[in-house]
Amino acid sequence: MLYFDSNATTKPCDAAVAAAEAAMREAWQNPSSVHRAGQSVRAKVELARAAVANLIGAKPRDVVFTSSGTESVHVAIRGAVAALAKNEAKGERPPLVASTLVEHSAVREVLKDMESRGEARVLWLPVSIDGVVDIAALSRALTGDDKPALVSVQWANNETGVIQPVDEIARLCKAAGAVFHCDCVQWAGKEPMRVEPSGSDATFLDANLVSISAHKFHGLKGTGALYVRRGTRLRTPVPGTQELGRRGGTENVPGILAAGAAAEEAGTWLADAAARETLRGFRDRFERTVLAAAPGSVVNSAGAPRLWNTSNIAFPRLEAEAILLALSERGLCASAGAACASGSLEPSPVLLAMGINPKLAHGSVRFSLSKWTSEREIDEAAALVIRCVESLRASTAAAV
C-alpha cells in the first residue's frame, strides 16, 4: 500500500516503538509513586518532557502531557475560558472567544459546545477563499468595545496545509491583552518552531498556549502535549496532582517515552532544511502531474502559503468517497477532510467555510506526505489517482 492518508503517514519511528516497548517491559511502575522504582520512571518521563520541550523551543516545566492533541486543545480552551470567566451573578457575560470555522474539529466543536452551554461566546472570524484568516477583522474585534479575551487560530490547517499569519495574530493579541492559543498539531515536527524567544529567531511563536500531538512527528497515537506560558491563567478542567496539577490522571508512560524519542529524531531531521524543500518539490510535482492529466481538477488553497506535507485536490462532478474507495482498491490510502470525520458523506466543513463551491468540496481529496515519502511513491500515487479519476469519469459518463 501507498500511504497518503494523514494518519497513515504518521507511522511511528523505530526509536518511538523501541522506547514504548522498553517502557511496557521495564518502566511500568507509576511515576507518581515515591518508591525508588516509581521515581526511576519519573526520571524517564522528565527526560522525555525535556525532549518534547526542546522540539518546540520551550522550558520543560511549561510542557504538560495529555492524551492527545484534542485533549490538549480542550485543556487550553476550557481552562483559559474558566480562568477568564466573569461573575454571572452580577450580569456579566461569558468570555468572548475569537476563532475560525476552518480550525480542526477539536477547536470548532469545543467552542460550539461551550457556547451552547453558555460558558463562552464565540466570534467566528471570516477567512479568504484560500482559508486565510481576515487579519483586519481580528484587529477590529480586538480594538472594539467587546474584545475577545481568547483567540484560537491554528498555525497550519490539517486539511489544506494553509499557513496562518500567526506572527501578526500574536502581535494583535498581545497588544490587546488577549490570550492566544495556537493549535500547532500540524506544524510541530514538520517545521522548526520556538515558543520562547531566542534573539531574532524567525521561528518564534509568541503564543500563551500551544497544542501539539506526538503522532504527527512519528510518536504514538494517544499522546499529546500543551505548552503553557508562565503567567498564563489556566483553570484545569481535569483536576489532579499529576502534570504539575494541570492535568490529572496517571501518565501514559509508554506514549510519553515514545514521544520523547520521536521528538529527538524530529529535531535532528528539522536541522536539514533541504530535506523539507525536497518534499515540498515532491508535493508540487504530484499536483502538477495530477492536474495535467485530470482536466478541471484544482488544488484547494493553492493561492496561500502551505505546509509541504499537504495537498487537497478537488475533482469536479466526482464524489470523494468513490475516489477513496477506488484508490484503496488499487493500493493507495488517502482521505477526505479530517480523519476524525471519516465515514461522513458530507463535504468538509473546512472547505465549505472557505467558500469552496459544494460541488468541488464533495469531490475533494486530501493527500499527505511524510518525511519518508520517496519520489517513486509520488509518481506511483499520481499515476493511481489519474487512473481512478479517469475510470470514475468514464463510469459517470456512461451512466448519464
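User: How many salt bridges does the structure hold, and what makes a contact a salt bridge?

Analyst: The structure holds 26 salt bridges. The term stands for a side-chain nitrogen of Lys or Arg within 4 Å of a carboxyl oxygen of Asp or Glu. Please keep in mind that this is a predicted model, where local features need pLDDT of at least 70 and side-chain atom pairs count only at pLDDT 80 or more, while totals for chains, interfaces and linings use all residues. Residues are numbered from 1 along each chain as its sequence is written, and side-chain values use heavy atoms, with hydrogens and water left out.

User: How do you know whether Arg 49 is buried or exposed?

Analyst: Buried means under 20% relative accessible area, exposed over 50%, and partly exposed in between (1.4 Å probe, protein chains only). Arg 49 has a relative accessible area of 5%, so it is buried. Glu 243 is buried too, with a value of 5%.

User: What about Arg 306 and Glu 287?

Analyst: Their side chains form a salt bridge at 2.8 Å, N to O. Arg 306 lies in the loop between strand S9 (298-299) and strand S10 (310-314) and Glu 287 in helix H8, so the pair ties together parts that are 19 residues apart in sequence. Arg 306 counts as buried because its relative accessibility is 10%, and Glu 287 counts as buried at 7%.

User: Which residues do salt bridges with shared partners join into one network?

Analyst: That network consists of Arg 42, Glu 46, Arg 49, Glu 243 and Glu 251.

User: How do you know that the span of helix H3 agrees with its number of residues?

Analyst: The expected span of a helix is 1.5 Å times one less than its number of residues. For the 16 residues of H3 (residues 69-84) that gives 22 Å, and the end C-alpha atoms are 22 Å apart, so the two agree. Several H3 residues are buried, including Gly 69, Val 73 and Ala 83.

User: Why do strand S3 and S4 count as paired?

Analyst: Strand S3 (residues 96-100) and S4 share 5 bridges in the parallel sense, and at least two are needed, so they pair. Within this pairing, Ser 99 stands opposite Trp 124 in S4, and Ala 98 opposite Leu 123.

User: What makes S3 mostly covered?

Analyst: Of its 5 residues, 5 are buried. Leu 96, Ala 98 and Thr 100 are buried on one side, and Val 97 and Ser 99 on the other, with both faces covered.

How values were computed: Helix = DSSP H or I, 4+ residues; strand = E, 2+ residues; numbered from the N terminus.
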